Amino acid sequence: MGKMNVNLCGIELDNPIIPASGTFGFGREFAELYDINMLGTFSFKGTTKDPRFGNPTPRIAECKAGMINAVGLQNPGVEKVITEELPQLRKIFNKKVMANISGFSVEDYAYTCEKLDKCEEVGWLEVNVSCPNVHGGGMSFGTSPEAAATVTKAVKAVTTKPVIIKLSPNVTDIVSIAKACEDAGADGISLINTLLGMRIDLKTKKPVIANKMGGFSGDAIFPVAVRMVYQVASSVKIPVVGMGGVSTAEDVIEMMLAGATAVEVGAANLINPYVCRDIINELPTVMEKYKINSLSGIIGAARD
């Protein structure tokens, strides 16, 4: 059997498969279905400084080859995550987990990251800069190199664990933003977050989602994700975590060839809760089919 282990920011993973934040909760529901310790790790539900109820309903719209969601970062807040969710997680998951963090100001990000950095269960801090900057006119922190770098520096100043900045694809130059994060001290980059999408109900002639627009994910965005992973991995020296429309073992191989060290699986978890298990089980066969002896050996091979 080929070697499936990879090293992400100094931490060894048994395999590169990581359920993406927002699609796996804190792992408990999935642990009832299969042993989630077979995963490389998982990125838990996006956490903010304060509790959030999220956006009004309806929050979900179906699409061809995908879905749109506007959940609005519903979560119990960092204090409850630390005191309630992580102790529960420890009972079912014996590996380091990836903490996904969101914020609406630089201070929010720093506060939440500093808190989670102290938690033994946390291996990496995945910092989502796709959130609106409430002090900057509502534009996402991830839409400019300067704003993304500011968040990166603030988080790195108060943490000791690897910081992976999660970037939005809703920009014209993803590379400049990734490089700004690297220069500001980021230990890794993850991408892509959801594309901005919308559906309109023909009967009501109104937007399907109460928020009007939301994050478009699913199979349809895979080629965009591969392209952006390829561009960013070609331009930075830090590891890249690839995601966006991944649903098969073949998708994982393609994403790694583009330059991803590890691969997150998002919307597919909502369609098939066993998808990450199935991908891990299928990887050895797919590796043999394409004469791959080691997954770590194919990272970025499409660029050679």
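## Helix packing, sheets and backbone exceptions

Helices α4 and α5 are roughly parallel to each other, because their axes cross at roughly 25 degrees and an angle under 35 degrees counts as roughly parallel. The model is predicted.

**Helix α4 against helix α5**

- Helix α4 spans residues 145–156 and helix α5 spans residues 174–183, and their axes come within 8 Å.
- The crossing of α4 past α5 is right-handed.
- On the α4 side the contact involves Pro145, Ala148, Ala149 and Thr152, and these meet Ser176, Ile177, Ala180 and Cys181 of α5.
- Of the residues in this contact between α4 and α5, six are nonpolar and two are polar, with no charged residue.

**Helix α3 against helix α4**

- Helix α4 also packs with α3, at an angle of about 35 degrees and with the two axes 9 Å apart.
- The crossing of α3 and α4 is right-handed.
- From α3, the residues in contact are Val106, Tyr109, Ala110 and Cys113; from α4 they are Thr150, Val151, Ala154 and Val155.
- The contact of α3 with α4 has seven nonpolar residues, one polar residue and no charged residue.

**Helix α7 against helix α9**

- Two packed helices are described by the angle between their axes and the distance between the axes.
- For α7 (residues 249–258) and α9 (residues 275–289), the axes come within 8 Å and the crossing angle is roughly 70 degrees.
- Angles of 65 to 115 degrees count as roughly perpendicular, so α7 and α9 are roughly perpendicular to each other.
- α7 passes α9 in a right-handed crossing.
- Ala249, Glu250, Val252 and Ile253 of α7 make the contact with Ile279, Glu282, Leu283, Val286 and Met287 of α9.
- Seven residues of the contact of α7 with α9 are nonpolar and two are charged, while no polar residue takes part.

- Strands of a sheet pair through backbone hydrogen bonds, either parallel or antiparallel.
- Asn128 has Lys166 in β8 as its bridge partner.

**The four-stranded sheet**

- A sheet of four strands is also open, with antiparallel pairing and the order β4-β5-β13-β10.
- β4 (60–63) and β10 (195–197) are the edge strands, each pairing on one side only.
- Strand β13 (residues 214–217) runs antiparallel to β10, and three bridges join the two.
- Opposite Gly197 stands Gly214 in β13.

**Salt bridges**

- Side chains of opposite charge can pair when their charged atoms come close.
- Seven salt bridges are found in a search of the whole structure.
- Glu79 and Lys115 form a salt bridge in which the closest N and O atoms are 3.5 Å apart.
- This pair links distant parts of the chain: Glu79 is in helix α2 (residues 78–92) and Lys115 is in helix α3 (residues 106–117), 36 residues apart.

**Backbone exceptions**

- Most residues other than glycine have a negative phi, and most peptide bonds are trans.
- The peptide bond joining Thr57 and Pro58 is cis, with omega about 0 degrees, and Pro58 is placed in the loop between α1 (28–31) and β4.
- A cis peptide bond also runs from Leu191 to Ile192, where omega is near 10 degrees.
- Ile192 is in the loop between β9 (188–191) and β10.
- Ala65, a residue other than glycine, has a positive phi near 60 degrees.
- The location of Ala65 is the loop between β4 and β5 (66–69).

Notes. Residues are numbered from 1 along each chain as its sequence is written. This is a predicted model: local features need pLDDT of at least 70, side-chain atom pairs count only at pLDDT 80 or more; totals for chains, interfaces and linings use all residues. Side-chain values use heavy atoms; hydrogens and water are left out. Axes are lines fitted to C-alpha atoms, for helices over the stretch in contact, and angles run from 0 to 180 degrees between N-to-C directions. Angles under 35 degrees count as roughly parallel, over 145 as roughly antiparallel, 65 to 115 as roughly perpendicular and the rest as oblique. A crossing is left-handed if the near helix is turned anticlockwise from the far one by less than a right angle, and right-handed if clockwise. Contact means heavy atoms within 4.5 Å. Ala, Val, Leu, Ile, Met, Phe, Trp, Tyr, Cys and Pro count as nonpolar, Asp, Glu, Lys and Arg as charged, and the others, Gly among them, as polar. Two strands pair if DSSP finds at least two bridges between them. A salt bridge is a side-chain nitrogen of Lys or Arg within 4 Å of a carboxyl oxygen of Asp or Glu.
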